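The sequence and the structure are shown first.

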Amino acid sequence: MSDTLSPLEARRRSAVDATLADVRQILGGQPPSRDTLKVIIARLEQLAADKALFSRADFPPPAVSAGVEASTRYRLNPADGDAGLALYLNSINPGKTTLPHDHTTWAVIVAVEGQEVNRIYRRTDDRSQPGRGQLELVRELTVQPGTPTGFLGEDIHSIYVTGTEPTLHFHLYGRPLETLSGRVGYQADGTIVNYNATQFHPSKDVA
């Protein structure tokens with residue numbers, strides 16, 4: 001561990017590393033089932049409970065200018081690079097929305113603070129038209145402290161940040177988002193777009 005870390009940063013690094021080590025053990029080198037995701041979520045909720053490690057002062061959202069809602073995604077394990085798990089802390093301003101999209105890897109979302117409405121969809125077309133897809137809304141879930149969620153790689157969801165305060169939400173993925181070049185988003189008219197190419201912005205690494 002680097003001597004340049006403050007005591008708080010060192011404690012946070014240790015807690016993140018311990019959490020990810022436990023998640024790797026839970027996975028056992030195998031793709032997760034939905035039941036496995038529940039176990040991973042429970043472990044990530046333990047990390048979220050130590051709120052002193054993840055304050056809005058240390059993980060601020062971007063300034064809102066000209067009425068544009070935005071988000072900042074902090075990579076909490078940058079030293080792991082492109083191999084394996086990627087843990088992010090998302091700080092998102094109210095009003096932020098995303099296109100419905102998949103991930104092509106599993107994901108879990110656990111809240112430290114704030115509310116994020118997740119809309120979960122099912123694809124209903126026969127996939128006969130390249131570049132086109134139709135979705136049906138299956139359900140909605142508001143992710144907030146005590147109400148997490150998880151997805152497998154083929155699941156499709158969108159988010160909408162509600163309430164009056166920015167979120168601080170953990171997003172844990174089987175692989176770094178930066179490497180997921182094949183994931184897709186669905187526009188309202190049914191057009192399918194490459195999500196990373198059209199919607200993605202870089203994360204900020206955290207020591």
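## Basis of the report

The model is predicted: local features need pLDDT of at least 70, side-chain atom pairs count only at pLDDT 80 or more, and totals for chains, interfaces and linings use all residues. Residues are numbered from 1 along each chain as its sequence is written, and side-chain values use heavy atoms, with hydrogens and water left out.

Helices (H or I, at least four residues) and strands (E, at least two) are DSSP runs, numbered from the N terminus. Two strands are taken to pair if DSSP finds at least two bridges between them.

Six strands make up an open sheet of mixed pairing, in the order 6-3-8-2-1-11. Its edges are strand 6 (149-151) and strand 11, each of which pairs on one side only.

Within this sheet, strand 2 is joined to strand 8 by five bridges in the antiparallel sense, and Leu-87 has Leu-172 of strand 8 as its bridge partner. Strand 1 and strand 2 are likewise antiparallel, over five bridges, whereas strand 1 and strand 11 (residues 204-205) run parallel and are joined by two bridges. In the latter pairing, Arg-75 stands opposite Asp-205.

Helix 2 (residues 34-48) lies across strand 2, strand 3, strand 6 and strand 8, and runs at about 25 degrees to strand 3. Such angles run from 0 to 180 degrees between N-to-C directions, with axes fitted to C-alpha atoms, for helices over the stretch in contact; contact means heavy atoms within 4.5 Å.

## Strand 1 and Ser-71

In a regular strand the side chains alternate between the two faces of the sheet. For strand 1, both faces are covered: Ser-71, Arg-73 and Arg-75 are buried on one side, and Thr-72 and Tyr-74 on the other. Buried here means under 20% relative accessible area, exposed means over 50%, and partly exposed lies in between (1.4 Å probe, protein chains only).

Ser-71, in strand 1, has a relative accessible area of 18% and is therefore classed as buried. Opposite Ser-71 stands Ile-92 of strand 2. The side chains of Ser-71 and His-201 are joined by a polar contact of 3.3 Å. A polar contact is a pair of N or O atoms within 3.5 Å; within protein, one must be able to donate a hydrogen and the other to accept it, and residues adjacent in sequence count only if both atoms are side-chain atoms. Leaving aside neighbours within four places in sequence, the contacts of Ser-71 are Pro-62, Ser-91, Ile-92, Lys-96 and His-201.

## The largest pocket

The largest pocket has a volume of about 380 Å³. Of the 21 residues that line this pocket, Arg-73, Lys-96, Thr-98, Ile-159 and Tyr-195 are the closest to its centre. Two or more lining residues come from each of strand 1 (71-75), strand 2 (86-92), strand 7, strand 8 (168-173) and helix 3 (195-199). Strand 1 gives the most, with three residues.

A pocket is an open set of points on a 1 Å grid over the protein atoms alone, where a 1.4 Å probe fits, with protein on both sides within 12 Å along at least five of seven lines; lining residues have an atom within 4 Å of a point. Grid points are joined across faces, edges and corners, and the volume is the space filled by probe spheres set on the points.

A second open sheet has three strands in the order 5-4-7, with antiparallel pairing. Strand 5 (135-143) and strand 7 (156-162) are its edge strands, each pairing on one side only. Neighbouring strands of this sheet are turned by 25 degrees against each other on average, direction ignored. Strand 4 (residues 115-123) pairs with strand 7 over seven bridges, and Val-117 has Tyr-160 as its bridge partner there.

Asn-118 belongs to strand 4 and counts as buried because its relative accessibility is 0%. Its side chain makes polar contacts with the side chains of Glu-116 at 2.9 Å and His-157 at 2.7 Å. Beyond its neighbours within four places in sequence, Asn-118 is in contact with residues including Ile-109, Arg-139, Leu-141, Phe-151 and Ile-159.

## Gly-114

Gly-114 is found in the loop between strand 3 (107-113) and strand 4. With a relative accessible area of 22%, Gly-114 is partly exposed. The C-alpha atoms of Gly-114 and His-169 are separated by 7.6 Å, although the two residues are 55 residues apart along the chain. Apart from neighbours within four places in sequence, Gly-114 contacts Val-143, Gln-144, Pro-145, Pro-166, Thr-167 and His-169.
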